[in-house]
Amino acid sequence: MEDEALFRAYKEEPGSDVMDYLYRLMESRIVAGLASQLSIPGILREITKRKNQGEISEDEAQKVMDSILLDVDKRIANDELRIHPVEAEFIPLINKCIRYHNFFVTDAIQFVTAYKSKPTAFIYADNHFSANIVKGKMKTIDIRGKDALRDLKKVIEGCD
């Protein structure tokens, strides 16, 4: 999961229904979520950005961040969510994604971490991940798509 998708589990936006379904599957131990170690800081950055733009107050931003951090810690402790570190061996491929495919640094790290982890599907909500380089390397689902929930259910059913 990339950070924009993960964020939708905590904020009602297009794709939140897909993340709610995925979180229920994680809680039931049907699947385990995988995320880069930069996904959580990415969520915190998104909340800070919204606070800076005046969409939410400082107090609300801090409460939301505290709630997310507690929830993530719980999910990690329950082995519902696994955080994958950025390995030194990933750096050359990360650099190629930035150099040849115009990825942002965080996006390149999340993509390469997912690619190296070999997930059943890469869940995202960021247009950068609709690039052919991503779709050519793994099964992807943009949770903002109208058929995203159906597509995720198909992937999950194929895992059984």
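The charged end of K153 sits over the ring of Y21, 5.3 Å from its centre; such a contact requires NZ of Lys or CZ of Arg within 6 Å of the ring centre and within 35 degrees of the ring normal. The model is predicted, with pLDDT of at least 70 needed for local features and 80 or more for side-chain atom pairs, while totals for chains, interfaces and linings use all residues. Residues are numbered from 1 along each chain as its sequence is written, and side-chain values use heavy atoms, leaving out hydrogens and water.

**Aromatic rings**
- K118 lies over the face of Y115, at 5.8 Å from the ring centre.
- Y115 also belongs to an aromatic cluster with F103, F111, F122, Y124 and F129.
- Across the whole structure there are seven aromatic pairs (rings of Phe, Tyr and Trp, the last by its six-membered ring, with centres within 6.5 Å).

**Largest pocket**
- The largest pocket holds about 360 Å³ of space (a pocket is an open set of points on a 1 Å grid over the protein atoms alone, where a 1.4 Å probe fits, with protein on both sides within 12 Å along at least five of seven lines).
- Its lining comprises 24 residues, and A32, L34, P119, T120 and A121 lie nearest the centre; a lining residue has an atom within 4 Å of a point.
- At least two lining residues come from each of β1 (33–36), β2 (81–84), α6 (105–117), β3 (122–124) and α8 (148–159) (DSSP runs, with at least four residues of H or I for helices and at least two of E for strands).
- This lining has 15 nonpolar, eight polar and one charged residues (Asp, Glu, Lys and Arg count as charged; Ala, Val, Leu, Ile, Met, Phe, Trp, Tyr, Cys and Pro as nonpolar; the others, Gly among them, as polar).

**Second largest pocket**
- The volume of the second largest pocket is about 240 Å³.
- Residues lining the second largest pocket include D3, E4, R45, E46, K49, D107 and D126.
- Two or more of its lining residues come from each of α1 (3–7), α3 (39–52) and α6, with α3 giving the largest share, four residues.
- Seven charged residues line the second largest pocket, along with three nonpolar and two polar ones.

**Nonpolar core**
- The largest nonpolar core has 32 residues, among which M1, M19, L22, I47, I123 and L152 touch the most other members (core residues are buried Ala, Val, Leu, Ile, Met, Phe, Trp, Tyr and Cys joined through side-chain atoms within 4.5 Å; buried means under 20% relative accessible area with a 1.4 Å probe, protein chains only).
- α1, α2 (16–27), α3, α4 (58–77) and α8 each supply at least two residues of this core, and α2 gives the largest share, seven residues.

Methods. Rings of Phe, Tyr and Trp (its six-membered ring) pair if their centres lie within 6.5 Å; planes under 30 degrees apart count as stacked, over 60 as edge-to-face and the rest as tilted. Grid points are joined across faces, edges and corners, and a volume is the space filled by probe spheres set on the points. Buried means under 20% relative accessible area, exposed over 50%, partly exposed in between (1.4 Å probe, protein chains only).
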